[in-house]
Amino acid sequence: VCARHLIAEPCSTTAGAALVDGVMPLGDSSKVQRLDGDITSVSAFLSFYSGSSRSLVPDGKMFFTTDPTGHQEKTKEQGMTLSAMEVTVHSARHLPGTFDQRCFGLQVSPTSLSYSDFFVNENLINVMFPESETLLKKALGAAVVLPFDYIVRSVTKKREGATISGGNQGVQGVASGVHGDYTLNGAPRRLEQLGMAPKANDLRVRSLSVDEVARAKSGRYCFVNLWR
């Protein structure tokens, strides 16, 4: 349903912005594990929630907000008690199982965009979105795919304060806060919103039809983060 994260360059060699303000330290490069030339695991520092609130649905005790440009530093937040922990991140690229079983999949799907093309809104909407629709329909067997948002991540451009040409999105750095994008009641609400007129920060080119929303509710739908 969603093609959201676009990586314009490798970002594992530098510190990244935390989910709510700050910069995370680098992991220990001496702990990188390889097998037959492939990286199998790396050390990394990630921010984990360490507060007392435990709920699968919003309870009004914890939230954070971002401005329409997507910049996440110094955002408004409440109850976001985070602790940095050094963890080992393992590669899931070659693990057996389907997307449904793992909620993760690796697909070979070359893009026609060049590096510089990723920083132009028109290219992302007119080229990347259709490419994403084709990829997700093939990979997931989805009848309907609606790309509705994107984030371009580039450490270099982030440091330069770059924005997407032709759009109001700011280029982002590395996201190091462990999080879920949707809650048990947030996902159905988002589905309803995708059937309404786009809002100021929506990047989709169309809305879901009444029939498409009804079919999703009575059948099956999912929100997919597609990383290019």
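Student: What makes Cys103 count as exposed?

Tutor: In this predicted model, Cys103 has a relative accessible area of 64%, and because the word exposed is kept for values over 50%, Cys103 is called exposed.

Student: Where in the chain is Cys103 found, and what is its phi?

Tutor: Cys103 is found in the loop between helix 1 (99-102) and helix 2 (121-140), and its phi is positive, about 60°, although Cys103 is not a glycine.

Student: How do you know that Cys103 is in no disulfide?

Tutor: The nearest cysteine sulfur belongs to Cys222 and is 8.7 Å away, whereas a disulfide asks for two cysteine sulfur atoms within 2.5 Å, so the sulfurs of Cys222 and Cys103 are too far apart for a bond. By this rule the count of disulfides comes to zero.

Student: Is Asp36 buried or exposed, and what makes it so?

Tutor: Asp36 has a relative accessible area of 75%, and because the cut-off for exposed is over 50%, Asp36 is exposed. Asp36 lies in the loop between strand 2 (33-35) and strand 3 (38-49), and its phi, near 55°, is a positive value in a residue other than glycine.

Student: Why is Ser154 counted as buried?

Tutor: Ser154 has a relative accessibility of 1%, and because buried means under 20%, Ser154 counts as buried. Ser154 is found in the loop between strand 7 (151-153) and helix 3 (155-159).

Student: Which residues of the largest nonpolar core touch the most other members?

Tutor: Of its 13 residues, these are Phe118, Phe119, Leu124, Tyr150, Val152 and Ile164. Helix 2 supplies the largest share of this core, with four residues. Another core, of seven residues, lies apart from it, and among its members are Phe148, Leu208, Val213 and Ala216.

How values were computed. Residues numbered from 1 in each chain as written. Predicted model: local features only at pLDDT ≥ 70, side-chain atom pairs only at ≥ 80, totals over all residues. Heavy atoms only, no water. Buried < 20%, exposed > 50% of the residue type's maximum accessible area, 1.4 Å probe, protein only. Helix = DSSP H or I, 4+ residues; strand = E, 2+ residues; numbered from the N terminus. Core = buried A, V, L, I, M, F, W, Y, C linked by side-chain atoms within 4.5 Å.
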